Amino acid sequence: MSHGADHVWSVTEYLDSILGQLTPLEAIELQLLDAQGCVLVEDVTVPVALPPFENSSMDGYAVRVADTQAATLEHPAVLEVVGDVAAGSDALPAVGPGQAARIMTGAPLPPGAEAVVPVEWTDGGTGGGPATTMAAHSLDPSGAGGEVRVHQGARKGQFVRARGSDVAAGELALAAGTVLGPPQIGLLAAIGRGQVKVRPRPRVVVLSTGSELVQPGDELGPGRIHDSNSFVLTAAARDAGAIAYRVGAVIDEVETLRATIEDQMVRADIIVTTGGVSVGAYDVVKEALSSLGGTMDDAEDGSGGAHGHVEFRKLAMQPGKPQGFGRVGPDRIPLLALPGNPVSAYVSFELFVRPAIRTLMGAESVHRDVVRAACVTAIDSSPEGRRQFLRGRYDRTSGTVTPVGGAGSHLVAALAHANALIVVPEAVTSMEAGGEVDVVVLG
């Protein structure tokens with residue numbers, strides 16, 4: 001779709017043009033902990049049943065049902081203890097009529113046994129009243145022998161975890177497309193998978209531009225401000241599931257910026273710049289990237305330079321009107337050039353960069369949830385023909401949203417108290433209190 005230089009793009013049109021050029025990253029085999037946060041690209045089936053053997057869900061005694069079914073506190077069943085079965089035991093004592101084996105949680109059920117009576121239903125081998133605990137084997141090895149009095153019988157299979165009761169062999173453990181969080185990593189480990197095939201987390205390089213920017217922690221001189229954009233965008237990229245590298249502030253000098261971008265290409269799946277994209281005399285990102293070498297065909301020469309073409313566009317949105325997107329370098333790395341105003345940069349990230357990251361990850365859901373909510377206060381004015389994104393506090397319980405701060409694109413404090421973006425459509429210029437709006441839920 002070709003547009004003249006003066007064409008004003010809608011948010012949807014621009015996002016579609018970006019995502020239409022992106023495909024998920026190639027799948028790779030990763031060790032389990034390295035695969036955390038990644039999207040699985042294969043169905044994983046269970047090689048062996050889990051648990052792989054009948055085992056006890058209690059500390060107690062493995063018994064035959066017939067020996068204990070009539071047991072009461074007044075008339076306990078007195079059984080001969082024929083040994084201990086600890087978790088990990090392989091040599092198991094057989095339990096015959098009138099016998100029991102002391103058993104620990106997770107230990108395999110010994111041959112002959114049909115159920116487990118918890119230690120609290122017995123005297124624990126002490127000859128006294130109901131026990132509350134077992135004596136440690138290391139302190140009292142005699143507990144593995146002698147007699148035990150059982151005060152309450154167990155039915156067949158009671159307190160026994162059946163083989164395959166968690167998952168059966170051959171069953172689907174995790175389907176392709178699953179995002180691997182801690183419980184999924186745990187399941188993979190439990191079924192013996194040491195590594196899995198996933199789409200890797202995209203590597204995102206974030207750099208901010210501006211000679212006025214100073215690293216947080218350093219002293220501010222006259223006319224200087226702290227660089228917040230590279231921090232918020234690096235954190236947002238991590239939050240989206242990426243591995244993020246923060247380069248920090250680059251001065252407003254075209255060759256320095258070009259060289260920095262070239263240096264970063266080796267470790268980037270996406271490059272995000274912030275600042276220098278408007279129409280001022282010092283908007284060096286626009287100057288540097290607009291003249292990177294004409295068309296994308298230049299990337300074919302293998303020179304490794306910052307070849308490529310980044311198009312700068314005007315969008316029908318507020319904040320975030322100026323945006324740039326293109327592919328740079330021999331590997332055609334996507335580069336998104338965002339405005340420098342802090343709120344514009346963050347809103348632009350949420351609308352364009354986050355979906356791009358999620359697309360490279362192969363995530364099933366690339367977009368934030370959008371819900372309808374009643375706006376508690378009136379919206380006095382919104383620019384006609386532009387989609388406005390206001391910061392807001394969304395209350396899930398009441399289904400309402402309250403604007404936070406004004407419409408200015410530099411209001412960082414308001415952004416920190418927001419958990420949502422209120423969407424005011426292009427055709428709406430004002431809204432009464434209680435009006436229904438779309439709300440983009442952040443997190």
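## A buried arginine

Arg102 counts as buried, at 3% relative accessibility. The setting is a predicted model. The side chain of Arg102 meets that of Asp84 in a salt bridge, 2.8 Å from N to O. This pair links distant parts of the chain: Asp84 lies in strand β7 and Arg102 in strand β8, 18 residues apart.

Asp84 counts as partly exposed, at 22% relative accessibility. Side chains of opposite charge can pair when their charged atoms come close.

## The sheet around the pair

Asp84 also stands opposite Arg102 of β8. Strand β7 spans residues 77-85 and strand β8 spans residues 99-103. The two pair in the parallel sense, over four bridges. Strands of a sheet pair through backbone hydrogen bonds, either parallel or antiparallel.

Both strands belong to an open sheet of five, ordered β9-β6-β8-β7-β10, with mixed pairing. Its edge strands are β9 (115-118) and β10 (147-150), each pairing on one side only. From one strand to the next, the twist averages 40°.

## Other salt bridges

How many salt bridges does a search of the whole structure find? The search finds twelve. One of them joins Arg258 and Glu255, with the closest N and O atoms 2.6 Å apart. These two residues sit three residues apart in helix α5 (residues 254-264), so about one helical turn separates them. Glu255 is partly exposed, with a relative accessible area of 46%.

Glu311 and Arg313 form another salt bridge, their closest N and O atoms being 3.3 Å apart. Arg313 counts as buried, at 10% relative accessibility.

## The chain as a whole

The protein chain holds eight helices and 27 strands. It has 443 residues, of which 46% count as buried. The accessible surface of the chain comes to about 20400 Å². Carbon and sulfur atoms account for 51% of that surface.

Among contacts with a separation of 6 or more, 70% are between residues 24 or more positions apart.

Definitions and conventions. Residues numbered from 1 in each chain as written. Predicted model: local features only at pLDDT ≥ 70, side-chain atom pairs only at ≥ 80, totals over all residues. Heavy atoms only, no water. Pairing = 2+ DSSP bridges. Axes fitted to C-alpha atoms, helices over the stretch in contact; angles between N-to-C directions. Buried < 20%, exposed > 50% of the residue type's maximum accessible area, 1.4 Å probe, protein only. Contact = heavy atoms within 4.5 Å. Areas by Shrake-Rupley, 256 points an atom, 1.4 Å probe, with all protein chains shown as cover. Salt bridge = Lys/Arg side-chain N within 4 Å of Asp/Glu carboxyl O.
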